[in-house]
Every structure is written in C-alpha cells, then in structure tokens.
Amino acid sequence: MEYIKFNEARELDLILLGRVAIDFNPAYNEQVKEEFKPLKKVHMFEKFVGGSPANIAVGVTRHGMKAGFLGKVSDDQFGEFVVDYFNEQGIDTSHITKCKNGEKLGLTFTEMLSSSESSILMYRNCIADLQLSVEDIDEEYIKKAKAILISGTALAESPSREAALKAVMLAKRNDVRIIFDIDYRAYNWKNTDELSIYYSTVAKEADIIMGSREEFDLTEKLIKPGMTDEESAALWQGYHAAIVVIKHGMKGSTAYTRDGQSFSIKPFPVEARKGFGGGDGYGSGFLYGLYQGWDIIDCLEFGSAEASMMVKSNNCSDSLPTPEEVHAFIKEEKEKFGEMIARV
Ligand SMILES: Nc1ncnc2c1ncn2[C@@H]1O[C@H](COP(=O)(O)OP(=O)(O)OP(=O)(O)O)[C@@H](O)[C@H]1O
Ligand SMILES: O=C(O)C[C@@H](O)[C@H](O)C(=O)CO
C-alpha cells in the first residue's frame, strides 16, 4: 500500500532545512586508536560535518537520492568546509548562504565513555544555523522538491523559526510533502512551552513525523500531555500525517500508518561507540525505503540497520553507508542471529 505520494516530476527528492555544524570526535583509526575516555583526556580529534539534517542530507545522497540543503553557514573556513563537503557528496548547495555578522557554525565535541555512555559538549554562541531568515526561503527552490524535511532545531529561535514556518507554508501550497524530524536538542530551547507551540505547529502540517517518545511528549505538552503512542499517532493523523514514527531507543520503534496499521522494529545488536547519529542513519534509511515504494516494515528494517551501523561508527556523517552496504549488513546480521533478528 502506498501511504505517501511524491510528485515524481520534481528534480530534487528532498530539501533539508536547518542545522549544520562541525563535529569533533575523538580520533579513531588504524594509526591512532583512541579508546573510550573522558573528553578532557582526549588528545586527538577528527573533524566531520554534523547536525542532524546535514547528516540526513549526506545519508540520502549516499543512497542515490538528489538532495538540496537550505541553511546558513559561517563566513570562514568551517563554512567552506561544509559547502565543499556537501558539493563532493553531490548535495545541492545553491541555497546555502553565508552569515554576514560574524556568526559561527556550532562546534560539537563528542565524549565517548563506553558503548552505552556518550555525551556532547557544544559551542553554540552567536550561532550561524539559526540565522536562516525568511529572505533565504525561495518559493521557486521549494517547488523543485518532492519533499522538504524540517529539523525541529530550526524552530528554536528567530529568524530561523519564521524561515522554517515559511518553508512549511510554501511547501503546502506547492504539492511538496512535509517531513518533520523533531530533532530535540535541549541546548537550543529556553522553555518547553515555546517548544510545544512551534513543534506542534509544524507537526499539524506534516505528512511524516519522526521522533522519540520524549520528543512527542514535548510536542504534545500544551495539547494533551501523557498520551500513549497510539493516541499520539491518532492525534497527528487527524491533521495531515500519513506516517508517524515513534522511537523508543533500544526498545525499538513503531511506524503508525493512516489506515490504522502499525509496524515495529528493534535495533540490530551492535557494540556502539556513541549514541549520536543513530537517528540520522534511521531517518536516511527509512526515507530511502519509502521513496523506493517498499513496504513500511522493510523501510523500518533498513532504517534500523543503518542506525546500528552509525552508532558503531566514529562519526554521524562520513560513515553513512550506501544501500549495498546496508543490505550486506542486514544479510550478515540475519545469517548470525536469524531472519527475525530485528523484526517484532
Ligand atoms: N546502542 C545501540 N545499538 C544499536 N542501535 C542503536 C543504539 N542506539 C540507538 N540505536 C538505533 O538508533 C535509533 C535512533 O536512536 P535514538 O532513539 O537515540 O535517536 P535520536 O536521538 O534521534 O538520535 P540522533 O542522536 O542521531 O539524533 C534507534 O531507534 C535504534 O534503532
Ligand atoms: O548536534 C548534535 O546534537 C550531535 C551531533 O554531533 C551530530 O552530528 C548530530 O546532530 C546527531 O544527530
């Protein structure tokens, strides 16, 4: 069954809007094998593009999809690094602009303490990505896409908040599907009422909503707190959502479709290096499957496999796999643990 229809005539599969940053992760390669350790003890870092929508842009592009990015970068070498990296990947950068008042890209230092403990130290003063403004949102560009993905981080502050809302409105009137990745990052928000106001505004317009249970709770705070997953899915499907994906970390995740069905998947067991990046692998893989017209359970399995591959890796962007690599990973895991390893 087809749950969502994309306008196939469109040149871009997906435009992603929002956060791009620089990740500094403890170096890990054959020459420099840094083990798990507190951040203060780390001597060498590797630099990567980071930020959830940026990572998903890389992920879907690795899968052969045509993506564009709508965002703001710093007018310095880190900004150039992002644009160069995106260009090398084949992401359309025509609508990435430079900040004019010295705002800087966020710097994220990841602490990897053990396979179940990781955290980030974030430098986000005078931040570039939240400078995206309504002038940057061009209707002609939005019209080129089958879908737009809004990262919830973009709603944290003006002027990015209005830019994201404008993009949603223009998508709506131009037959562009809206994907809302709630992408809650506490460091961006002043209070949870604001968060519920803006998240729910976009969720009401979205065709696909993806988030963790905690993220749905935050979104629903001013509507009806304490809902079950089934109640949340029904609420958003009462607006526009055709698919609502609710994640419960290691317990697994479920996609609720508008015809009242639900499909669940568990993570593939791996030795994780960090918790970050799982959601971006999941989103890239799930969306790829959806664009291929796969059954929802296959999209979920692919997303879950890609998530497991990403938590195992040392970064959230550069290691994003090709479809062949994800298929090979799934095959290997099934040979080891059985056909139903991730399926519920
Ligand atoms: N330790 C792990 N082992 C295997 N898979 C994992 C692990 N941690 C997370 N995942 C996978 O990653 C998915 C997304 O993880 P999580 O719920 O933490 O999302 P998130 O907070 O959106 O992640 P991100 O930091 O990338 O935004 C999970 O649903 C699961 O499939
Ligand atoms: O920005 C973060 O919260 C973590 C980043 O290191 C990472 O690139 C990411 O965005 C994961 O979703």
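Is Ser151 buried or exposed? Ser151 is buried, at a relative accessible area of 1%; buried means under 20% relative accessible area, exposed over 50% and partly exposed in between, with a 1.4 Å probe and protein chains only. The model is predicted: local features need pLDDT of at least 70, side-chain atom pairs count only at pLDDT 80 or more, and totals for chains, interfaces and linings use all residues. Residues are numbered from 1 along each chain as its sequence is written, chains are lettered from A and ligands numbered from 1 in the order in which they are written, and side-chain values use heavy atoms, with hydrogens and water left out.

Ser151 belongs to strand E8 (residues 145–151). Strands (E, at least two residues) and helices (H or I, at least four) are DSSP runs, numbered from the N terminus. The side chain of Ser151 makes a polar contact of 2.8 Å with the side chain of Asp183. A polar contact is a pair of N or O atoms within 3.5 Å; within protein, one must be able to donate a hydrogen and the other to accept it, and residues adjacent in sequence count only if both atoms are side-chain atoms. Asp183 is itself buried, at 3% relative accessibility. Its place is the loop between strand E9 (177–181) and helix H5 (192–205). The phi of Asp183 is positive, near 45°, and the residue is not a glycine. Most residues other than glycine have a negative phi, and most peptide bonds are trans.

Ligand 1 is surrounded by 16 residues. A residue counts as near a molecule if one of its heavy atoms lies within 4 Å of it. The closest are Arg185, Met250, Gly277, Gly278 and Gly279. By class, the shell holds eight nonpolar, five polar and three charged residues. Here Ala, Val, Leu, Ile, Met, Phe, Trp, Tyr, Cys and Pro count as nonpolar, Asp, Glu, Lys and Arg as charged, and the others, Gly among them, as polar. Helices H8 (278–292) and H9 (296–312) each give at least two residues to this shell. The space taken by ligand 1 is the largest pocket. On a 1 Å grid over the protein atoms alone, a pocket is an open set of points with protein on both sides within 12 Å along at least five of seven lines, whereas a cavity is a set of points where a 1.4 Å probe fits but cannot get out. A molecule sits in either one if more than half of its atoms lie within 2 Å of its grid points.

Accessible areas come from the Shrake-Rupley method with a 1.4 Å probe; for residues, only the protein chains shown count as cover.

Ligand 2 has 14 residues around it, and Arg19, Asp23, Gly51, Arg185 and Asp280 come nearest. Polar side-chain atoms approach its oxygen atoms at 2.4 Å from Arg19, 2.6 Å from Asp23 and 2.5 Å from Arg185. The protein covers 99% of the 320 Å² of accessible area that ligand 2 has on its own. The space taken by ligand 2 is the largest cavity. Helix H1 (52–62) and strand E7 (117–123) are the elements that give two or more residues to its shell. That shell has four nonpolar, six polar and four charged residues.

H1 is mostly covered, with ten of its eleven residues buried. Among them are Asn55, Ile56 and Val60. Just after H1, Gly64 takes a positive phi of about 90°.

Further local features lie elsewhere in the chain. Thr110, in strand E6 (residues 106–114), is buried at 4% relative accessibility. Its side chain makes a polar contact of 2.7 Å with that of Asn25. Cys126 lies in the loop between E7 and H3. Cys126 is partly exposed, at 47%, and has a positive phi of about 50° although not a glycine. The peptide bond from Ser158 to Pro159 is cis, with omega near 5°. Pro159 lies in the loop between E8 and helix H4 (160–173).

Notes
On a 1 Å grid over the protein atoms alone, a cavity is a set of points where a 1.4 Å probe fits but cannot get out, and a pocket is an open set with protein on both sides within 12 Å along at least five of seven lines; lining residues have an atom within 4 Å of a point.
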